[in-house]
Amino acid sequence: GAEQGLDDRTDRRIAGDLARGAGVDTSFGGGVARARERETAGMGLAQQERIATGQSRGGAFWSGKSLEIGTDLKLDPEKITELMRAFTGKTGDFDAASSSAKELASMTLASGANMGEMGSAAGYVYNQLKGMPDAAERTLDVMRGIVGQTAVGAVEMEEYAKQMGRVAANAKMFQGDVSKNILELSALTQLSIAEGGATSGADAARSIAAFANTT
């Protein structure tokens, strides 16, 4: 029993040393500070919700949501809050933000994009689909498709997320399903760099906007 207790303490000490070596603050004071920062970020999102909708689920709900997702994905909860605030800042839809945050955060990690910019990109897409059945799920489907395109295309998601507003805004200028239109315009954006002479994500997005206006 004594030897097992010693082994357990040794394991905990080694784990703590490794965490500190990686720049993780494992102290009690550090944990309290992080909790306060998380609560403050949650209160900010709750205030944003109250201003936009006239009511709020409260800071505890939003900080708890960020903590839950952050723990599952081994990610700083404040990054989750950043993603949700960016999404709601574009859409005003807090239910969609809550239901989509984990999947969007997972896509962001896989693609190497910025959480805030990914939240904004998803918000731009959602605004084109708002009012349609299952708009939140459709948005996730579109974002999955775009992340897949960037994985094999000429523009990586880290850069492309900044251009989604310009691309998605033109989807309704064409007949057919808006979700498919966004994905097709996104594919054209990738092609404009790979084969069409565009030199950056921003340049490609401007080209697609000009193409939509001309057409």
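**Figure 1. Salt bridge between Asp177 and Arg138 in the predicted model.** The closest N and O atoms of Asp177 and Arg138 are 3.3 Å apart. Asp177 lies in the loop between α9 (164–168) and α10 (178–194) and Arg138 in helix α7, so the pair ties together parts that are 39 residues apart in sequence. Asp177 is partly exposed, with a relative accessible area of 32%, and Arg138 is likewise partly exposed, at 26%.

**Figure 2. Network of salt bridges linking Glu103, Glu137, Asp141 and Arg144.** Glu103 pairs with Arg144, with 3.3 Å between the closest N and O atoms. This pair links distant parts of the chain, as Glu103 belongs to helix α5 (residues 94–111) and Arg144 to helix α7 (residues 135–152), 41 residues apart. Arg144 also forms a salt bridge with Asp141, at a closest N and O separation of 2.5 Å. Asp141 and Arg144 both lie in α7, three residues apart, about one turn of the helix. Relative accessibility is 31% for Glu103, 34% for Arg144 and 42% for Asp141.

Figure 3. Gln48 is buried, with a relative accessible area of 19%. Its side chain makes a polar contact of 3.1 Å with the side chain of Thr88. Beyond neighbours within four places in sequence, Gln48 is in contact with Arg85, Thr88, Gly89 and Phe94.

**Figure 4. Helix α6 (residues 115–129) and its ends.** The N-terminal end of α6 is capped by Asn114, a side-chain oxygen of which lies 2.8 Å from the backbone nitrogen of Gly116. Twelve of the 15 residues of α6 are buried, including Met115, Tyr126 and Leu129. After α6 comes Gly131, with a positive phi near 95°.

Terms used: Residues are numbered from 1 along each chain as its sequence is written. This is a predicted model: local features need pLDDT of at least 70, side-chain atom pairs count only at pLDDT 80 or more; totals for chains, interfaces and linings use all residues. Side-chain values use heavy atoms; hydrogens and water are left out. Helices (H or I, at least four residues) and strands (E, at least two) are DSSP runs, numbered from the N terminus. The expected span of a helix is 1.5 Å times one less than its number of residues. Buried means under 20% relative accessible area, exposed over 50%, partly exposed in between (1.4 Å probe, protein chains only). A polar contact is a pair of N or O atoms within 3.5 Å; within protein, one must be able to donate a hydrogen and the other to accept it, and residues adjacent in sequence count only if both atoms are side-chain atoms. Contact means heavy atoms within 4.5 Å. A salt bridge is a side-chain nitrogen of Lys or Arg within 4 Å of a carboxyl oxygen of Asp or Glu.
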